[in-house]
Amino acid sequence: MSEVDVLCRTFFRVLSEITGKKGNMELKGSFKLENALYNYLIKTIGFKNSYLEQMKEVEIAFENIIINSKKEPSNLISNIEQYGDEYVALLDSHPLTKLFIESVNEISSPKFDIKHVGENDSSVEYWNIAIRHIGNRLDLFHIPRRGEETLPTIVINHIDEFERVLENYIFSIQESNTFYNIFNREAFSYQSKDEKIKMIFEGALLNVSNTDAEDVTKFFQHYTDYINDDTFLELHRPSYVGAFEEDELYVMAKRSELWYETPYYLSFMLKDRRLELPNVRLGISFTNSPKVANIVATQTAQQMKDNIDYTIFSEKIKSSIPKDSTFRFINPAHIPSLILTFGLLKGCGINEVIVKDYLPFRYKKVMQDRQFSDEEGENYQRRLTDKTLSTMFRSISMMEGIEILSYPESIYELHFFIEDGVTGKNEFLTNLYNLGLQKGKELTKQKSFCR
């Protein structure tokens, strides 16, 4: 059976499944139909190899013809050509959305090159997603194959709104100060404008949670907020927090590179011992709501992992934290940074915090950084997520006055509220929180004075 025969038979089978009526299986004289189906798949799937390897995507493409065509012309071939042309015109009139869809396809590829420096840069062997077009809504499915991981469906609820949000996101990056303007960085120097934009989209996709995938427009609104928010503007340089552990504690909002979780992260540093406490990667969103802190990860700086003084400091922190049966599942050294951050946020007038759960695309970066397989990368990323959430739960449990609003089991995210008058379960924890709180109030006062 030729590939063309397969296309026609597949189309009539899908037609029969949807309408409940047996499709016409007669293929004689159907060259024009075969050609129309073939051209339609090129327009909607853009395959580069044999579509026999992509039958799931082909079936969804045919469902779109049958279900979503705006008109019902009597000529089946005309209907197919019309729907394909409408789809192409839709994407051509939304150029950033079109680049975004290409980015989703590339990041879904087993040979995805996150830094666009390898032989497979900007090319994939076949289309890795299936696009379901329902009016102005687009659902981007990843079709899992043997040896690949299952990635979430990314939902664009309204293409016009999504295009506007992407325009604002790219504009915010290009027009921001050098703290965020990643267009000028070395990694972008040899890329075309479209490739730069796709790299930005791919970097953002690494930080999409399952919840974010359900409304990717909202996700990009929040990442635009991260860039435009001025809560930590005064922390672009090291800023004194107070005395801590017989040393001077400083905090700084340090810029992240494109492939990390947020545009910046909070770094707490001990001056005399030259120690950097674990970093808190977060962003502040404010669209359609009061400011909310979104914490994506806590991480120990690489240069600290083998530092003897840091090891001694970490052991001292462990002795200050109550232990129980779950103690071995957390990162005790991360707790001071988190509690300082809770206080800092509260002092800045931010009461709500969301902690992201597993980031399903993130393992792509882990694979390349550590030379892992798909399975190893996913397992490693899940372990990191579990430990981050366990450490966060422990930090909250040791403070009186922090209310958990929702757990990851229900919506993939941990959501909590910082009330007034928070205290720790021992003096060490209370002092940590108050250091952050006073620093936050100081930042808020400085901002009010400048205005």
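Lysine 439 touches Leu235, Ser239, Tyr240, Val241, Val251 and Leu344, leaving aside residues up to four places away in sequence; a contact here means heavy atoms within 4.5 Å. The model is a predicted one, so local features need pLDDT of at least 70 and side-chain atom pairs count only at pLDDT 80 or more, while totals for chains, interfaces and linings use all residues. Residues are numbered from 1 along each chain as its sequence is written, and side-chain values use heavy atoms, with hydrogens and water left out.

Lysine 439 sits in helix H15 (residues 427-450). Helices (H or I, at least four residues) and strands (E, at least two) are DSSP runs, numbered from the N terminus. With a relative accessibility of 2%, lysine 439 counts as buried, a word that stands for under 20% relative accessible area, against over 50% for exposed and in between for partly exposed (1.4 Å probe, protein chains only).

Phenylalanine 141 is also buried, at a relative accessible area of 19%. Strand E2 (residues 137-142) is where phenylalanine 141 is found. Residues up to four places away in sequence aside, phenylalanine 141 touches Ile60, Asn128, Ile129, Ala130, Arg132 and Thr153. From phenylalanine 141 to asparagine 105 is 36 residues in sequence, and 9.6 Å in space, C-alpha to C-alpha.

Turning to aromatic rings, the structure holds 17 pairs. Rings of Phe, Tyr and Trp (its six-membered ring) pair if their centres lie within 6.5 Å, and planes under 30 degrees apart count as stacked, over 60 as edge-to-face and the rest as tilted. In one of the pairs, phenylalanine 11 and phenylalanine 62 have ring centres 5.4 Å apart and planes at 80°, so the pair is edge-to-face. Phenylalanine 11 belongs to helix H1 (residues 3-19) and phenylalanine 62 to helix H3 (residues 55-68), so this pair ties together parts 51 residues apart in sequence. Both phenylalanine 11 and phenylalanine 62 are buried.

Phenylalanine 100 and phenylalanine 162 make an edge-to-face pair, at 5.1 Å centre to centre and 70° between the planes. Here the parts tied together are 62 residues apart in sequence, because phenylalanine 100 lies in helix H5 (residues 95-107) and phenylalanine 162 in helix H6 (residues 159-175). Phenylalanine 100 and phenylalanine 162 are buried.

As for helix packing, H2 (residues 31-44) and H4 (residues 76-92) pack at about 10°, with their axes 9 Å apart. Axes are lines fitted to C-alpha atoms, for helices over the stretch in contact, and angles run from 0 to 180 degrees between N-to-C directions. That makes H2 roughly parallel to H4 (under 35 degrees; over 145 is roughly antiparallel, 65 to 115 roughly perpendicular and the rest oblique). By class, the contact of H2 with H4 has 10 nonpolar, two polar and four charged residues; Ala, Val, Leu, Ile, Met, Phe, Trp, Tyr, Cys and Pro count as nonpolar, Asp, Glu, Lys and Arg as charged, and the others, Gly among them, as polar.

Helices H12 (residues 363-370) and H13 (residues 374-397) pack at about 115°, with axes 8 Å apart, and are therefore roughly perpendicular to each other. Tyr363, Val366, Met367 and Arg370 of H12 make the contact with Asp374, Gly377, Glu378, Tyr380 and Gln381 of H13.
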